Amino acid sequence: MATISVIIPAYNEQQNIPQTIAAIPAARLRAAGYDVEILVVDNASTDGTGRLAREHGARVLVQPVRGYGNAYRAGFANCVGDVIATGDADLTYPFEILPEAVHRLETDRLDFLTTDRLARLDPQSMTRSHIWGNHALSFVTRRLFAVPFRDSQSGMWIFRRHLLDRMRLRSGGMAFSQELKVEAYRSGFRCAEIPIAYYPRGGETKNRTVIDGIGNLSQLIAARMRNGRRAPAHASPGRPLLAATVSATGATAHADRHARD
């Protein structure tokens, strides 16, 4: 029986972590034939987030080095799943879609499935500056790397664990999300993007709009300079370009259009 690891990085999410864990449809995933591991990566919380996560049935891994990417890299290295699913601990991501998303991964024989929060975004769920920043960074990512993803900053991904063996992941901070998507696509894996709901955050936001935006942009430029000397797997002779596919919501046109931006 295959195992799905649901990995959730968390820093001082005492207010949200019980509801986040409860939102994971473990019973539906088990009914679909999967074992389920819920792994909370406690990123040096000081408010008892880790203790609460254990009390609500999660396995807890402590990553004392702060950073979004550092938390995920620790989680990836220590999870047991054949398939990995991710999401934040702030109630923004719709964990209820996981059974359908995993089914999509299997039936479409995908390697990497990412999510698009921007296609049908409720303006109440994200500040205007964050909406602008997400669109801008996604545009730059598409232009620099010819990837088709509409939302390069989304933090919900479902993918097969073996991908990690071929991806070069360096980012310790918020740039990890865009780096993971670029690496998955340019490594030649079968990728897709589906639109999702994105909910208002529970509790106080921890985002640093300007600092994180500059950091992500810097990572894109640095990665482009490095990758300029490394041909993407798609460019290998005789290997076709694997265009990203998306859900049956009519968003395929988005992927094709942005691939040409």
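Q: In this predicted model, a helix is a DSSP run of H or I with at least four residues; which helix holds Asp212?
A: Helices are numbered from the N terminus. On that numbering, the place of Asp212 is in helix α8.

Q: Is Asp212 buried or exposed?
A: Let's look at what surrounds it first: leaving out residues up to four places away in sequence, Asp212 touches Met174 and Asn207. Its relative accessibility is 14%, and the cut-off for burial is under 20%. So Asp212 counts as buried.

Q: How are α6 and α8 oriented to each other, parallel or antiparallel?
A: Helix α6 covers residues 128-145 and helix α8 covers 209-227, with axes 11 Å apart. They pack at an angle of about 5°, and angles under 35 degrees count as roughly parallel. The two helices are therefore roughly parallel.

Q: How many of the residues in the contact of α6 with α8 are charged?
A: On the α6 side, the residues include Leu137, Val140 and Leu144, while α8 brings Leu217, Leu220 and Arg224, among others. The whole set divides into eight nonpolar and seven polar residues, and the charged count is one.

Q: Which residues have the most contacts inside the largest nonpolar core?
A: That core has 37 residues, and the elements giving it two or more include β1, α1, β2 and β7. Take Val40: beyond its neighbours within four places in sequence, its contacts include Ile8, Ile17, Ile21 and Ala53. The residues with the most contacts inside the core are Ile8, Ile17, Val40, Leu113 and Ile158.

Definitions and conventions. Residues are numbered from 1 along each chain as its sequence is written. This is a predicted model: local features need pLDDT of at least 70, side-chain atom pairs count only at pLDDT 80 or more; totals for chains, interfaces and linings use all residues. Side-chain values use heavy atoms; hydrogens and water are left out. Axes are lines fitted to C-alpha atoms, for helices over the stretch in contact, and angles run from 0 to 180 degrees between N-to-C directions. Angles under 35 degrees count as roughly parallel, over 145 as roughly antiparallel, 65 to 115 as roughly perpendicular and the rest as oblique. Contact means heavy atoms within 4.5 Å. Ala, Val, Leu, Ile, Met, Phe, Trp, Tyr, Cys and Pro count as nonpolar, Asp, Glu, Lys and Arg as charged, and the others, Gly among them, as polar. Buried means under 20% relative accessible area, exposed over 50%, partly exposed in between (1.4 Å probe, protein chains only). A nonpolar core is a set of buried Ala, Val, Leu, Ile, Met, Phe, Trp, Tyr and Cys residues joined through side-chain atoms within 4.5 Å.
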